[in-house]
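This report walks through selected features of one protein model. Please look over the sequence and the structure first.

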Amino acid sequence: MRIEVTIAKTTALPAGAIDALANELSRRINNYFPEQDGQVTVRYASANNLSVIGGAKEDKDRISEILQETWESADDWFITD
């Protein structure tokens, strides 16, 4: 299963946020899907989107929930220096 998250270029994020989000999202997805390889990509694009390639509809729904939880809890795991 391959997961790609795109974030709209118009979204202002602090330096390092994309890599931190990819790492935290990979960690959380691997907790729920231990057989998952951690193939998570986060990048800027023209619009926000979540793509789950090679997963069932239920998998995409759960990954969408994990992404939402991760985004909403950024104050807990994203630390800027």
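The charged end of Arg62 sits over the ring of Tyr32, 4.5 Å from the ring centre. A charge counts as over a ring if NZ of Lys or CZ of Arg is within 6 Å of the ring centre and within 35 degrees of the ring normal. The model is predicted: local features need pLDDT of at least 70, side-chain atom pairs count only at pLDDT 80 or more, and totals for chains, interfaces and linings use all residues. Residues are numbered from 1 along each chain as its sequence is written, and side-chain values use heavy atoms, with hydrogens and water left out.

**Aromatic pairs**

A search of the whole structure finds two aromatic pairs. Tyr32 and Phe33 form an edge-to-face pair. Their centres are 4.9 Å apart, with 75° between the planes. Rings of Phe, Tyr and Trp (its six-membered ring) pair if their centres lie within 6.5 Å; planes under 30 degrees apart count as stacked, over 60 as edge-to-face and the rest as tilted. Trp77 and Phe78 also make an edge-to-face pair, with centres 6.2 Å apart and planes at 75°. Both Trp77 and Phe78 are buried.

**Burial of selected residues**

Buried means under 20% relative accessible area, exposed over 50%, and partly exposed in between (1.4 Å probe, protein chains only).

| Residue | Relative accessible area | Class |
|---|---|---|
| Tyr32 | 45% | partly exposed |
| Phe33 | 7% | buried |
| Thr6 | 7% | buried |
| Ser26 | 15% | buried |
| Gln68 | 43% | partly exposed |
| Ile53 | 41% | partly exposed |

Thr6 is in strand E1 (residues 2-8). Helices (H or I, at least four residues) and strands (E, at least two) are DSSP runs, numbered from the N terminus. A polar atom of the Thr6 side chain lies 3.0 Å from the backbone oxygen of Ala47. Leaving out residues up to four places away in sequence, Thr6 touches Arg43, Ala45, Ala47, Asn48 and Asn49. Contact here means heavy atoms within 4.5 Å.

Ser26 is in helix H1 (residues 17-32). A polar atom of the Ser26 side chain is 2.9 Å from the backbone oxygen of Ala22.

**The largest pocket**

The largest pocket has a volume of about 200 Å³. A pocket is an open set of points on a 1 Å grid over the protein atoms alone, where a 1.4 Å probe fits, with protein on both sides within 12 Å along at least five of seven lines; lining residues have an atom within 4 Å of a point. The volume is the space filled by probe spheres set on the points, which are joined across faces, edges and corners. The lining includes Val5, Thr6, Leu21, Asn48, Gln68 and Trp71. Strand E1, strand E3 (49-53) and helix H2 (57-72) each give two or more residues to this lining. H2 gives the most, with four residues.

Gln68 is in helix H2. A polar contact of 2.5 Å joins the side chains of Gln68 and Glu72. Such a contact is a pair of N or O atoms within 3.5 Å; within protein, one must be able to donate a hydrogen and the other to accept it, and residues adjacent in sequence count only if both atoms are side-chain atoms. Gln68 and Leu25 are 43 residues apart in sequence and 9.9 Å apart in space, C-alpha to C-alpha.

Ile53 lies in strand E3. Not counting residues up to four places away in sequence, Ile53 touches Met1 and Arg2. Ile53 and Arg2 are 51 residues apart in sequence, and their C-alpha atoms are 5.0 Å apart in space.
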